[in-house]
Amino acid sequence: MSGPSGALTSGGAAGADGLALATRGLRKRYGDRRALDGLDLSVPPGVVYGFLGPNGAGKTTTMRVLTGLVHSDGGTVEMLGKPYKRGDRRRLFEVGALVESPTFYPYLSGRANLRELAASGAPVPSKRIEEVLDLAGLCDRADDKVQGYSLGMKQRLGIAAALLSDPKLLLLDEPANGLDPAGIVAMRDTLKALASQGKTVFVSSHLLAEIQVMADMVGIIAAGKLVREGPLKELLSMQGVVKVRVRPDLMEAAIKTLTPIAPAEHFTETDRDEGWLAVHLAADRAEEVNRTLAGSGIYASGLESGNDLEMLFLELTGGHGSGGEGAFVGLGGPNGDDAHDGGASAGNGTAA
Amino acid sequence: MRLFASGIRKLSRRPATFVTFGLLVGLLVLIVLAVGATANSTMGNGANQATRAAAAKELVTFPGAYDRMLAFITGLGGLFAMIYGAAIAGSEWSWGTLKSAVARGESRVRYLLASFASISFMIAIGVVVAFGIAIVAAIVGAHLAGLSTSGLGDTATLSGLPARLLKGWFAVVEEAALGFTIATLARSQLAGIGAGIAFYFGESFASIFLPDIVKFMPFSVANAALATGSSGGFGGGAAAASLPADQALVLVGVWLVGSLVVTSIFADRAEITG
Ligand SMILES: Nc1ncnc2c1ncn2[C@@H]1O[C@H](COP(=O)(O)OP(=O)(O)OP(=O)(O)O)[C@@H](O)[C@H]1O
Ligand SMILES: [Mg+2]
């Protein structure tokens, strides 16, 4: 994977308020169903922005509004420093998008599909097609018909298509869908490289662990509204957790001992049987927790710490009834992603 | 222009293009050869057989065969063109390729009209090539029937041929536009094709009861626009109550433009959520 060529556009992409993408009070209904209900997003330039929300929260709808596929019922959008209204389709020449699933002519090859796609919208030099094919790791199969592509290969081609016009703003709706681990790593590296060149990457995902390692900023939405937005580090430091495992009979004593360093509401006994006590503290205070306990003669048999996006996610979106939150807890993770097991149990405890 | 050229590249690699064309030409050649080969057979009996044989011979007798081949191509070809138009427009929605172009900032209307323009271009090639093949088949058919092909070089007919081919193309394009529009409204290939076929047969069927209305309908005007009075032709609308050719030609244009306007208005307003 090499970074894409093209002009670097650090400052030029930002608006008067310094944002690459901003929505204010964005509203959208499908019939009676309210998909976006006054969404306010503020995406600064040059970042990877993780756009999170449970199923049906309105992520895809947001992408559709931003790409002119559907028209909003109200609110404003500012894109790359200028207002973006219905009919401003040329503004999308500087935007690359993958909305929901990638779409192609099945009877054409991957390369031919990109070539024909390049005939629409912004003009694209033909060497750019080879660049994005290379970037997506599809060179070997570029001449095969798309109908013979695997799910992940189609997804790669979809990402390649989004990069076609070397966009200043990249909108990706669940791009990791169907990618193998190598593909996910490659995509993450590519997106980070793009952001480091000053481009803005707006990426929705269900893979929280993925967003956690990739995003600089996170926006979490539920039921069409923003519930939290900010730099990932900041959100996570508010959401740090230190988990200690103590003997069940020492649990009360441990809480009492730790009260001076953490207020009472910061304790969650995640799973009494196992004796894990979760303390909501910045992750870097694990040592302090351990020292304090030891000072009172309570020795932890296990100690874990981390900043868990999933916990934050569940906490913030759990109360919204747009569907999904029940399924999250019940299924132990939307994508069956093992990486979150520890966090998921902590999350359940918190939400309960 | 970029979009138009791209549209042609896409269509020229698309299986539907060759299937549609192959089916039309295959049927045409089969029928013409079969008619020629059996024109002198003694099957059947009496007067019935005699009129059949006369009609069969007429089909492959030049210069009249020129017109009859063209009528075949615009008649059955019109139905095929409509299915073709519906397949192309419908797949833009079902495959989601319109979505990708719109998200790149392409104008929906421009994209669809360019796509239709490339369909019209392919139809022009299709009509000319099919016509050439049909003439060859008719010559062979005439030989099989033991008829002279001396009318082949009839200058009056030949000089009028380009204009008639142009009209034929225009009529077929109108029928393609109808399929294109129906599929756009239905946002689906299958629905577009189904509705188109229903339209085609519905029109011939309704012409039995409502000839005065049906003569203004798309397939009837397409056939009427090419009528020369003498030629019966194959397939499509009813000949009974058709409009004069000039008037019909204007209506072909009205249907064509009307379809494209409807497509444009719909596409501009549609929510693309596929
Ligand atoms: N074409 C449509 N017609 C009617 N309602 C729709 C349509 N598309 C989405 N919705 C509704 O709008 C809401 C938001 O859907 P959207 O697809 O934006 O969610 P999402 O956040 O992308 O979900 P997911 O994580 O499952 O992809 C949902 O309630 C959904 O049912
Ligand atoms: Mg979605």
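## Chain A as a whole

Accessible areas here come from the Shrake-Rupley method with a 1.4 Å probe. On that basis, the accessible surface of chain A in this predicted model comes to about 14,500 Å², and carbon and sulfur atoms account for 50% of that surface. Of the 352 residues in chain A, 53% are buried, where buried means under 20% relative accessible area.

The secondary structure of chain A consists of twelve helices and 14 strands. When contacts in chain A between residues at least 6 apart in sequence are considered, 71% of them join residues that are at least 24 apart.

## The site of ligand 1

Ligand 1 is surrounded by 15 residues, of which the closest are Gly56(A), Gly58(A), Lys59(A), Thr60(A) and Thr61(A). Because the surrounding residues come from chains A and B, the site is shared between chains. By residue type, the shell around ligand 1 divides into seven polar, four charged and four nonpolar residues. Two elements of chain A, β2 (33-43) and α1 (59-66), each supply at least two residues of this shell, and α1(A) gives the most, with four residues.

Several atom pairs place the oxygen atoms of ligand 1 relative to the protein. A backbone N or O atom of Gly56(A) lies 2.8 Å from an oxygen atom of ligand 1, and for a backbone N or O atom of Ala57(A) the corresponding distance is 3.2 Å. In Thr61(A), by contrast, a polar side-chain atom is involved, and this atom lies 2.5 Å from an oxygen atom of ligand 1. Taken alone, ligand 1 exposes 630 Å², and the protein buries 71% of that area.

## Arg64(A) in helix α1

Arg64(A) has its place in helix α1 of chain A, the helix that gives the most residues to the shell around ligand 1. Is Arg64(A) buried or exposed? With a relative accessibility of 9%, Arg64(A) counts as buried, since the cut-off for buried residues is under 20%.

Leaving aside residues up to four places away in sequence, Arg64(A) touches Tyr30(A), Leu69(A), Val70(A), Val99(A) and Glu100(A), and also Ile272(B) and Thr273(B). Arg64(A) and Glu100(A) are 36 residues apart in sequence, yet their C-alpha atoms are 9.0 Å apart in space.

## Two further helices of chain A

Helix α2 (residues 110-117) of chain A is mostly covered, with six of its eight residues buried. The buried residues of α2(A) are Gly110(A), Ala112(A), Asn113(A), Leu114(A), Glu116(A) and Leu117(A). Their cover includes elements of both chains, namely α3 (126-135) and α4 (151-162) of chain A together with α1 (2-12) and α5 (97-103) of chain B.

In helix α8 (residues 251-258) of chain A, the buried residues are Met251(A), Ala254(A), Ile255(A), Thr257(A) and Leu258(A). These residues cover an arc of only 160 degrees around the axis, which puts them on the same side of α8(A). As a general point, an α-helix has 3.6 residues a turn, so residues three or four places apart point the same way.

## Thr20(B) in chain B

In chain B, Thr20(B) has its place in helix α2 (residues 15-38). Its relative accessible area is 19%, so Thr20(B) is buried, given that the cut-off is under 20%. Not counting residues up to four places away in sequence, Thr20(B) touches Phe80(B) and Tyr84(B).

Terms used: Residues numbered from 1 in each chain as written. Chains lettered and ligands numbered in written order. Predicted model: local features only at pLDDT ≥ 70, side-chain atom pairs only at ≥ 80, totals over all residues. Heavy atoms only, no water. Near = heavy atom within 4 Å. Polar contact = N/O pair within 3.5 Å; in protein donor to acceptor, adjacent residues only side chain to side chain. Nonpolar A, V, L, I, M, F, W, Y, C, P; charged D, E, K, R; others polar. Buried < 20%, exposed > 50% of the residue type's maximum accessible area, 1.4 Å probe, protein only. Arc of directions from axis to C-beta. Contact = heavy atoms within 4.5 Å.
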